[in-house]
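This report describes a protein structure, beginning with the contact between its chains. Please keep the sequence and the model in view while reading.

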Amino acid sequence: MILETSALTYAYRSGKHLRFPDLKIDAGEKVLLIGPSGSGKSSLLNLIAGVLPLQTGSISLKKFQYNQLSPRSLDTIRADHIGVIFQSFNLIPYLSGFENARIGLQFSTQRRARVDRPREVIKRLATQLGLTTDLLDRKPTELSIGQQQRIAAIRALIGQPELVIADEPTSALDPEATTLFMNQLKDSINPQTQAVVVVSHNPSIIPLFDRVIRLDNPQ
Amino acid sequence: MIRIVAAAIRSRVVPTILVIIALTTSMALLLTVDRIQQATKKGFNQSLGGVDLVLGPRGSGIELVLYTVFHLGKPTNNITTETLKDIERNPFVEWAIPIALGDSHQGFRVISTIPEYFDRIRFDGDQSLSFSQGRAFQELNDVVIGSAVASELGYQLGSSIFVTHGSESLGRTHDDFAFQISGILNPTGTPTDRAVFVSLEGYELIHLGWKSGSKIVSLDRIDISQIPRERLYPATITAAYLGLTSKLNLFKASRFINEYPEEAVSAVIPGVALAELWSMVGSVDFVFRIFNWLIIGISLIGMVTMTLSSLDSRTRELTILRAVGATPLQLASMVLIETMLVSIISMAMAVGLVRLSTWVAADLLTQWAGVHIELTWISFDEFSVLIIIMLAGLVASLIPATLVYRRSLAQGFLH
């Protein structure tokens, strides 16, 4: 088991109260969390990433129980075991594609230890994700949205973190590119050790996933 | 992490360069002014050693020291050699070196004096003047030149020179009497290096036949060999350096001279006159220094403002770093490192600029007053000032760093 959540809720200061379904995600699984805007998809990912503090319920990632960990330890857990892909503006504008991808190793000794030659690994992942390697030397402003998303995916995948979470990663892509990107992402993970959790409000991508979990918190 | 910070700085290259320029110039200005002031004081203070009192016409003590020792300004009045002889007879006075000023050679001041000058005058504490070549003047046409005069004009022993009447280079030349270089002094880093020394008698001789600044009779019409040397001893001189039998008599001798009834003369303690000068300059210097610190403060505020104003546009960048595991403390540290790098680069550039500006100022000061400034990279005191500025920068940078820390703690990264 890679990820397990139980009885999770989160209350914002505004009074909004979110309840989340229990999750159990194994290695090799590609899970889609789907729901309308305001249903708490991003909040759930923030909780899983250890950025929002746990209020009630429990989360365990591998052997780590979040409610027993300090914020500092949660940062380390995130660096070592979680790769994150955002909806857009995924890259640091002043770094090249290669440097952006390599940041995935910057704060994790474990992920660094798994990668002998970062440049080679980044090139291999780029090829798997359908990106020509010469694009890695370019700055984000010189890349298309799809190319930027692929570099963000390399950053999330490098060093083989156990859990890759993605927040609406294909919202800026057309349907054909969306299917291609999701398939490439799924093909790039190691089914023995890694799982993918994607958040989206787009029902058209449902067929691309092993499992779909609906969030139905009222707006 | 340093690599990311360096890239972040590069991405905001124009505002960063402007902040670096502001910090560099303000730091360099502070250090240069301080350094030149210290070096000028040191240079002036070490220029005249061994002299207990400067005797001259009654008037401003500072003015007397400036024109006799540093060749700045013009003497207004003379004193009689009769008075000097009388004062020399006073038991407090061990020796007296008369000097007469007024003429020049190619912009260098001519000092007429007696050969004892080279034995009595000291510089840089208690160092004696010494000759790199030749000897002190003996004959009427002998001339001794300072090291800078020799190097700048390319003179050698035996070279002939003419003296110009007055201190202006456009004045009339005493072209009827050539002096011959009998000695070249070793460098001292004092106005001595830029002086031309002739005997009192030789100086008097070239002014024979002159009246009210104009030549009436040429020396070519006079048989110089027929003039007894003692008759050429001048009746008036500009000033005299006095050495006392004991330093304890300094104030007694000074009072005796200042109350001298036969002629309006005064005695000035060189160190006291210079201290008065520094005290006059000091208040201006204090205001200048305050302004300098204000400029540095404003530059630091500029640096913090730049960092603060960039934070909003960097929210995404900080979020990405947070997503890959950067802790709030690491993000805050990055902001601190960024401002520290800007401060350190500014410091390094300021040191270079100080060196350059000191070099230029040293040259100007040597040309102007003959005072030599020692060129060094950075002193411990200057380094301390830079460290204080850097710490101030660090403290100021805590504002944006704290902001980043708090934001990172309070916000999730997925919205």
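Predicted model: local features only at pLDDT ≥ 70, side-chain atom pairs only at ≥ 80, totals over all residues.

## Interface between the chains

The contact draws on 26 residues of chain A and 24 residues of chain B. Together the two chains bury about 2,400 Å², with 65% of that area on carbon and sulfur atoms. One salt bridge is counted between chain B and chain A. It pairs B:Arg322 with A:Asp75, whose closest N and O atoms lie 2.8 Å apart. A salt-bridge network links A:Asp75, A:Arg78 and B:Arg322.

Three residue pairs are in polar contact across the interface of chain B and chain A. On the side of chain B that touches chain A, α1 (2-11), α10 (315-323) and α11 (328-369) of chain B each provide at least two residues. The largest share, seven residues, belongs to α10(B). By type, this side of chain B has twelve nonpolar, eight polar and four charged residues.

## Nonpolar cores

The largest nonpolar core holds 78 residues, and B:Tyr241 and B:Leu242 touch the most other members. Helix α3 (residues 61-69) of chain B gives this core its largest share, six residues. Leaving aside residues up to four places away in sequence, B:Tyr241 touches residues including B:Leu48, B:Val69, B:Trp95, B:Ile99 and B:Tyr117.

Another core, of 75 residues, lies apart from it; among its members are A:Leu18, B:Leu311, B:Leu321 and B:Leu336.

## A covered helix in chain A

In helix α1 (residues 41-49) of chain A, nine of nine residues are buried. Among them are A:Lys41, A:Asn46 and A:Ile48. Just after α1(A), A:Gly50 has a positive phi of about 80 degrees.

## Salt bridges within the chains

Over all chains, the structure has twelve salt bridges. In one of these, A:Arg114 meets A:Glu162, with the closest N and O atoms 3.6 Å apart. A:Arg114 sits in the loop between α4 (109-113) and α5 (118-128) of chain A, and A:Glu162 in the loop between α6 (145-157) and β8 (163-167), so the pair ties together parts 48 residues apart in sequence. A:Arg114 is partly exposed, at 37% relative accessible area, whereas A:Glu162 is buried, at 10%.

B:Arg12 and B:Glu338 form a salt bridge with closest N and O atoms 2.7 Å apart. This pair joins the loop between α1 and α2 (13-45) of chain B to helix α11 of chain B, across 326 residues. B:Arg12 is buried at 14% relative accessible area, and B:Glu338 is buried at 4%.

Definitions and conventions
Residues numbered from 1 in each chain as written. Chains lettered and ligands numbered in written order. Heavy atoms only, no water. Contact = heavy atoms within 4.5 Å. Buried area = accessible area lost by both parts, 1.4 Å probe. Salt bridge = Lys/Arg side-chain N within 4 Å of Asp/Glu carboxyl O. Polar contact = N/O pair within 3.5 Å; in protein donor to acceptor, adjacent residues only side chain to side chain. Helix = DSSP H or I, 4+ residues; strand = E, 2+ residues; numbered from the N terminus. Nonpolar A, V, L, I, M, F, W, Y, C, P; charged D, E, K, R; others polar. Core = buried A, V, L, I, M, F, W, Y, C linked by side-chain atoms within 4.5 Å. Buried < 20%, exposed > 50% of the residue type's maximum accessible area, 1.4 Å probe, protein only.
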